[in-house]
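The exercises below are meant to be worked with the sequence and the structure side by side. Try each task before reading its solution.

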Amino acid sequence: MTQPVLTATGISKRFGPVLALRDVAFHVERGEIHALLGINGAGKSTFIKILSGMIQKDTGSIRIAGQEVDLRSPKDSIRAGIATVQQHPELVHDMNGLDNIFLGRESRRPGLFGRVDRKAMQSRAEALLARFSVPLDLAREVGSMAAVEREAVAILQALADDDIKVLILDEPTSTLTDVEREDLFELMNQLRAQGISIIYITHQLEEVFAIADSFSVFRGGTCVARMSVADAKASDVSLATMMLGEAIGDIFPPKADPDSAGEVVLKVSGLASASKFSGISFQARKNEILGIFGLVGSGCEELAKAIFGVEALDRGEIEVNGKAVAPKTPRDALDAGIFLVPGDRRTEGLALDRPAVFNVPMANLRRAAGGGWALRGRSVRADSKSLTEQVALHPPSLSTPASGFSGGNQQKIVLAKGLYTQADVYIFVEPTIGVDIGARAKIYGLMRELSETAAVIVISSDCDEVFGVADRTIAMHKGRQVEPGSGVFNRDALLFAGIMGERKQ
Amino acid sequence: MTVLKQLPKGAGRGVAFVVLVLALALAFALAEPRFLTHASLSGIARHMAANGLAALGLTFVVIVRKFDLSIAGVAAFTGMSMGAVIAAGYPLWLAIVVGIMLGAAIGGLSGFAISKAGFPDIVTTIAIGSVCAGMAFLYTGGRSIFQNFFQSGITDLNDARFLGISVSLWFLLLTYGIAWLVMHRTRTGLAFYATGENPTAAHFSGIATRKFIGSAYVICAIFTVLAVLLILAESGNAETNKGANLMMPAYAGVFLGAAIMGGTSVISTFAGILLITMLLDGFSLMGVPYYYSDGVVSLILLLGVIAFSDTIRTWAGGFKLFTSKTKRTGSVSGGQA
């Protein structure tokens, strides 16, 4: 084989008392898609930040095509040929795709002759676009683009600089639908064909086998393994085991005994809302997790929001513990004993600048005030402490702002907030987006625990998640509910029902 | 160093504030010996009462992450309204009630337009403030109102003392005490803060965010009325430009206090307004014209915000100019993958 395009040896990085990276050895070949795996805290983000010049390594060396490089700033990294697309690409939503690509280039390359003229940029961007057969209209405003189109714009923006050899994609698929993901993979394949190497971070292990040529696994601040995907397939290794360092059986908790399902807690019948969904009827019981599988646009997230009183409901009845309720606001829903773990925890679930002790009591201030007006500071603190322990928040800090936690631990704070409300019905929407495998297992386990005292509904566009965690499943397709003909869905039938909108014959 | 580490979180900021106050007092006392006289100090106390009330009202609006730029206009209109009621021979309490009702109505209008109708806060309050400033001229066409002021007893609000301290300062301390209890010790306060931190998440948590945003504007307008009332009491007449000098100290107090204390709170506003009032009164005692002193105070506000902002300190930390404390807390999130 030829010389690797990127080689890192002996990379270490210390943050105060924490040794975030320890003697990392890593390399990427020319024109390969290399997946970077590891649970949160394994050090992969720190490593990526070093490669992209956002932070500086303490020791070690980085070589690009055999040349040692000194990456002191993002500009240095780009000059060396390493471009990075962040997990949430920062694009200007009011500008069109072309201007966004142009903007990134301009800000990164203050040329000798000042600003490059617009026309030259336009033809340059068109030439760039011509290299890839991406069906992308760059004249459209970024704000009106789908998630995958934005990702493509961000990738083109990163590649707009000359001679990019290594492209780093940080969890690009976390906000994409299955169909969009295929489009992104297509673009990645084209990049690979042109000799660009891609370092690809993902939590979705099946994607590694679908797209990557090789992968590295980070654990405890160092790179513990590097393998080609072909070898991994042949030897049947478990990526999850490599990431966690120990064998875990299933990340899903054991299923409930079908006969043990308890009393009906939530009963909805004939729910309909404008053009989003109609004719939705189901029951959710104690000791049973109900799963609803639906793609983006199937109306299942809107259904959850309608039950929670965030969005309007045109028709239908909702009963909680046999009592009819009609939530017009989240307040009504919470009073009726319904809690929603929202799909977008950063905007809908958390005050990000505030610590757990602020977020946990937020949805039940009545309890925080002991039924009166004055807050019971001590009991709020004690409850927050015990609930964050129950959800295994890591690090177990009540005073760190929510933004300082990983995605999985932010979700655990939302969960603790839900537990504080002592609701009778818990609805989870896309509960594990951006959550690493260790935290996912914990969250699924908590759902099972919760189901002992409350009805639990899991709504997700990830079929394996719905099938894995739920005892009983239904699918939603274009606002309609699809139920198994008799008995229960198996995994393939559920997937078919959610994608095609009909029962598999 | 070890002693410093044992202090509760935020104590450093409190110490910084006390040091600032003492340094400022010392500087003014050296520059102008009259600064520490009884007359000067009681003047500061009275001015602090007026500035402090306006700043306290503004604090509620800033906590829900909005702006209210109608303070000057509201003060002018309600001030002239109260003057007109007094001049017509009605008792003082009625004038105050009328002022508060007008303030509540104007604040309610702003609050409704911004929270329910979704109007942009800055444009809306500038418009409402301008309309109010114009309406202040309705009563006399712009002439000063002073009839009946001495008979009505309004000047007692300025002159009366209790235990040697002017009643207006007592009133300020009382309102700050109540506001502190409400904002930091009740669920209403938590809801105000939650609304400001993330209105969507607060809505999803069952908090009636619109109600809290709307009432912040009502509270702000009512406190503006009380502030202008003290200004009328001090000057003994009502003029259309009486509220003009409330807005800058109020904003400066809220934001300088927040910068020093690391967040907007009733206590931070109190700290900010104390500093601002000392500065303004100190300068006026030294004979600095108001158009210079306003500029200097605004500059100090800007420097204060810069000196206490986390971004700047993190940046400065890179040059080892400031304590290493900020760097260490930064590593907690840095260690996350």
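**Exercise 1.** How many of the 17 residues of H4(B) are buried?

*Solution.* Keep in mind at the outset that this is a predicted model. Counting a residue as buried when 20 or more other C-beta atoms lie within 10 Å of its own, one finds that 16 of the 17 residues of H4(B) are buried, so that the helix is mostly covered.

**Exercise 2.** Work out what span helix H4 (residues 71-87) of chain B should have, and compare it with the model.

*Solution.* The expected span is 1.5 Å times one less than the number of residues, and for the 17 residues of this helix that gives 24 Å. The end C-alpha atoms are 24 Å apart, which agrees with the expectation. After H4(B) comes Gly89(B), which has a positive phi, near 95°.

**Exercise 3.** Describe the side of chain B that touches chain A.

*Solution.* Begin with the counts: 38 residues of chain A are in contact with 23 residues of chain B. Helices H10 (187-197), H11 (199-204) and H17 (325-334) of chain B each supply at least two residues of this side, whose residues divide into eleven polar, eight nonpolar and four charged.

Technical notes: Residues are numbered from 1 along each chain as its sequence is written. Chains are lettered from A and ligands numbered from 1 in the order in which they are written. This is a predicted model: local features need pLDDT of at least 70, side-chain atom pairs count only at pLDDT 80 or more; totals for chains, interfaces and linings use all residues. Two residues are in contact if their C-beta atoms, placed from the backbone, lie within 7 Å. Helices (H or I, at least four residues) and strands (E, at least two) are DSSP runs, numbered from the N terminus. Ala, Val, Leu, Ile, Met, Phe, Trp, Tyr, Cys and Pro count as nonpolar, Asp, Glu, Lys and Arg as charged, and the others, Gly among them, as polar. A residue is buried if 20 or more other C-beta atoms lie within 10 Å of its own, exposed if 12 or fewer, and partly exposed in between; C-beta atoms are placed from the backbone.
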